[in-house]
Amino acid sequence: MADQIYRVNMSTLTFTVEEVPTAWMGLGGRGLTSTIVAAEVDPECHPLGPNNKLVFAPGLLSGTAAANSGRNSCGAKSPLTGGIKESNVGGTSAGIMAKLGVKALIIEGQPTEGKFYHLHVSKEKVEIVEAPELVGKDNYEVLDAMLEKYDKKVAVMSIGRPGEMRMLLSNISVKDPKGKLRSHGRGGMGAVMGSKGIKCITVDAESYKETTLADPEKFKEASKVFTQALKDNPISGEGLPAFGTNVLVNIINEAGGLPTRNFREGQFEFAENICGETMAENIKARGGDTTHGCHAGCVIQCSQTYNDKEGNYLTSGFEYEMIWAYGANLGIKDLDVIAKIDALMDDLGVDAIETGNTLAMAVDAGILAYGDGAKAYELIANDIAKGTFLGRILGGGVGNFAKLYGMVRVPVVKNQSIPAYDPRAIKGQGVTYATSTMGADHTAGYAVATNILNSGGHIDPLTKEGQVALARNLQIATAAVDSTGMCIFVAFPALDDPKCLPALIDMINARFGVSLTGDDVVNLGKNILKLERAFNQRAGLTSADDRLPEFMKYEALPPHNALWDFTNEEIDAFWDF
């Protein structure tokens, strides 16, 4: 079964199913979404207007038995950064799209009536159905309605009320294997989907077929080696399954790089209250699930189900970045309060990092106090969700909030807020934030691995030497990995186990009957970064946008009293490849 391109025009409410252009055949995931956006979207268009396009594409290995290959990419021009955006997520959509033969789903145009629609994707067909009954509903209600409507296996992608209102912190939420939600976070992809008048997308698994392999035996052999490498690595095989990504709270706090109280300190005195070890104890004591995967075939199993004190389900996919944003950075020391906020945000479909950072700015503006979890919950539930005047301001994200309140300390790069690793104390991560084509994005090149976790060697996080090259190499590798449908955490064994990366390439070769080498994969990563940067330049971004916030140059971060001390020339050298 040949893969095909599914194209939906929301201006005419029509669809076509097209052959895959030759130039796109060797691409998947981020490589494909960014190629399509760069080729078909005017970089100067308004990201919420009719000329932007929303593109979904499973990775090259999605739909196969390869471990951790269930990531789906979503791309568009970002309304938050003004540049190109790719966000990938686990859940069920990648595997079903790949098995249905959907190489990419491209959504273009915009309905003129302001109505919302439901798209149902099945074999060589897209139904476009007006869905007034779903308007004003949040994700879990939409999810339940779709599961009842189809009473069979379907992937569901939806937006909540903030996405309908085109708020820049809105996500696209995706059903996971347990019927809970994962998110295409960062960059305002939910706003783009809302601007297309699409409330939800379902993908029908009824007519799909198993993904074909050019060389099944070679694939099976490589898959076995790759899976074992994931299990043998101490981070992907032990730390993440035991404590989830939240294992990082104590590690980053100890390193002095845990942004605390809106990036004023590098350590949080209540870290022990919110750390992964405490979370694991709560889960075990309350009958939760300490480890499961966010997509089929995951062997790292870093996700979990977190119950309340009475043993009732509270939230799942309770990640480090969420717990940091509301814990250390907003001063909340009660893990249960943070979990309750996490559940609310899943339902609404808003980005944990952008929303948490915006609320930290709201503390500086005098709207709430550090540690006031009840007020934080109220602002999200009553203002952002309902689109009050204040909710609309908060929903614009950190950069826009700061402009309206006349604030100077603004932790953003390319208008996207900085995640859970302070760049003054973890300088390699700072180089990634500055140079990423996506704005401040820790997943674009996870230098924490080598700066803090000693994965792939060690570079002192407080010194500049070697950090630009480290961030460059990691971003090149990440762009390639994002194209395979693999989880970013395969990077740990890939950095340390010489058998891991060759096995990954062997699986791609066996899947498609090609003969890629390690150099080919590196060149793929380089080409993706250059293509994305060229789009951003045509959109009006310059090297002046590759800069960290000015306050980080003169405001020292305790306990190391570290400053951001790279020159512009040193940062610009990132692109010398």
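Two strands pair if DSSP finds at least two bridges between them, and strands here are DSSP runs of E, at least two residues long, while helices are runs of H or I, at least four residues long, both numbered from the N terminus. Hi everyone, with that in hand, let's look at the model. It is a predicted one, where local features need pLDDT of at least 70, side-chain atom pairs count only at pLDDT 80 or more, and totals for chains, interfaces and linings use all residues. Residues are numbered from 1 along each chain as its sequence is written, and side-chain values use heavy atoms, leaving out hydrogens and water.

Let's start with strand S7, residues 117–122. On one side, S7 pairs with strand S8 (residues 125–130) in the antiparallel sense, over six bridges. Within S8, Tyr-117 has Glu-130 as its bridge partner, and Leu-119 has Ile-128. The hairpin of S7 and S8 has two residues between the strands, and there Glu-124 takes a positive phi near 55 degrees.

S7 also runs parallel to strand S12 (residues 198–204), joined to it by five bridges. In S12, Tyr-117 is partnered with Ile-198.

Now, is S7 buried or exposed? Six of its six residues are buried (under 20% relative accessible area, with a 1.4 Å probe and protein chains only), so S7 is largely enclosed by the rest of the structure. In a regular strand, side chains alternate between the two faces of the sheet. Here Tyr-117, Leu-119 and Val-121 point one way, while His-118, His-120 and Ser-122 point the other.

Stepping back, the open sheet has six strands in the order S8-S7-S12-S9-S10-S11, with mixed pairing. Its edge strands are S8 and S11 (181–184), each pairing on one side only. Neighbouring strands are turned by 20 degrees against each other on average, direction ignored (axes are lines fitted to C-alpha atoms).

Helix H3 (residues 139–150) packs on this sheet, touching S7, S9, S10, S11 and S12 (contact means heavy atoms within 4.5 Å). The direction of H3 makes about 150 degrees with that of S9, on a scale from 0 to 180 degrees between N-to-C directions, with helix axes fitted over the stretch in contact.

One last stop: Asn-509, which sits in helix H21 (residues 500–512). Asn-509 is buried, at a relative accessible area of 5%. Not counting residues up to four places away in sequence, Asn-509 touches Lys-218, Val-514, Ser-515 and Leu-516.

Key. Buried means under 20% relative accessible area, exposed over 50%, partly exposed in between (1.4 Å probe, protein chains only).
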